[in-house]
Amino acid sequence: MKPLGQLLGTAWEIYTGQSAVFLGYTAWVLVPYALLILLEPSIQDTAWEIPIEWTLNVAQTALILWAVIAITILTWAILRKKKVKLELVGKKAWQLAPIFVVIQLVNGLIVVGGSLLLIIPGLVFWIWYAFSAQEVVLHKQHGLVALSQSRNLVRGRFWHVAWRLVGGHGFLALVYLFFTGALVGIVSLLTEGPSVLINPSDIPLWLEVLVNVIEIVFMPLVIAYSTVLYFDLRESAPKEPART
């Protein structure tokens, strides 16, 4: 398996090389959010408020799933040096969305169930089945087969995978928190007081929007890293001896 730094570097290289396309996918996630901001003054305290908010939240969730799948497919193609038609990637992402949701729900239930027993089993299950979604999206596996394939990739190198999974995502999370924390801190200083830091309700709308934009910018990098790690796991997996 490749070192953590090399995996992060590969993800960064892919992200910067395809940033326009990646951000083109994730930008759609902001559309329901923008509509909610525009409609909120006119629907607040009316019978339409809850149905409209619920509808837009569902639409945003669906677009997040679509963007995650599309970026995963595109990153995989880049790693394998394959050319893809972007319009087909988007269409395929919608087709895969239902089974992607199912495997994520099953995976989540397993991890939560293990965590309810003890924290350690929950963490172990998370590492084992962390790549079941990629099995669904990239190799059309379903249900228990996707979970089994993910565990097979981890088998025999649990701690190596755990370090790259936790370390990589942890590093990206720290970078994200640094940028967002610095932004909130700057606003707090400009407003001559720590009220923004103490009471989140004091955050102005423009800052909330900017934080959401930062999330959208970071999102493709996280997805790219997960796909790069998955690719490396498959490439470095022990090969089965040829049958005679």
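**Group meeting: buried and exposed residues in a predicted model**

Thr-75 is buried, with a relative accessible area of 0%; buried means under 20% relative accessible area, exposed over 50%, and partly exposed in between, with a 1.4 Å probe and protein chains only. Good morning. The model on the screen is predicted, so local features need pLDDT of at least 70 and side-chain atom pairs count only at pLDDT 80 or more, while totals for chains, interfaces and linings use all residues. Residues are numbered from 1 along each chain as its sequence is written, and side-chain values use heavy atoms, with hydrogens and water left out.

Let us return to Thr-75. This residue belongs to helix 4, residues 49-79; helices are DSSP runs (H or I, at least four residues) numbered from the N terminus. Which residues is Thr-75 in contact with, leaving aside its neighbours within four places in sequence? They are Ile-14, Phe-22, Ala-224, Thr-227 and Val-228, where contact means heavy atoms within 4.5 Å.

As background, nonpolar side chains in soluble globular proteins tend to be buried together.

Next, the salt bridge. The count comes to 1, under the rule that a side-chain nitrogen of Lys or Arg lies within 4 Å of a carboxyl oxygen of Asp or Glu. The partners are Arg-234 and Glu-135, at 3.3 Å from N to O. Because Arg-234 lies in helix 11 (residues 205-236) and Glu-135 in helix 7, the pair ties together parts that are 99 residues apart in sequence.

Finally, consider the backbone. Most residues other than glycine have a negative phi. Lys-81, however, has a positive phi near 55 degrees. Lys-81 sits in the loop between helix 4 and helix 5 (86-117) and is exposed, at 74% relative accessibility. Lys-140 also has a positive phi, of about 55 degrees. Its place is the loop between helix 7 (132-139) and helix 8 (143-154), and Lys-140 is exposed, with a relative accessible area of 57%. Thank you.

Definitions and conventions. Helix = DSSP H or I, 4+ residues; strand = E, 2+ residues; numbered from the N terminus.
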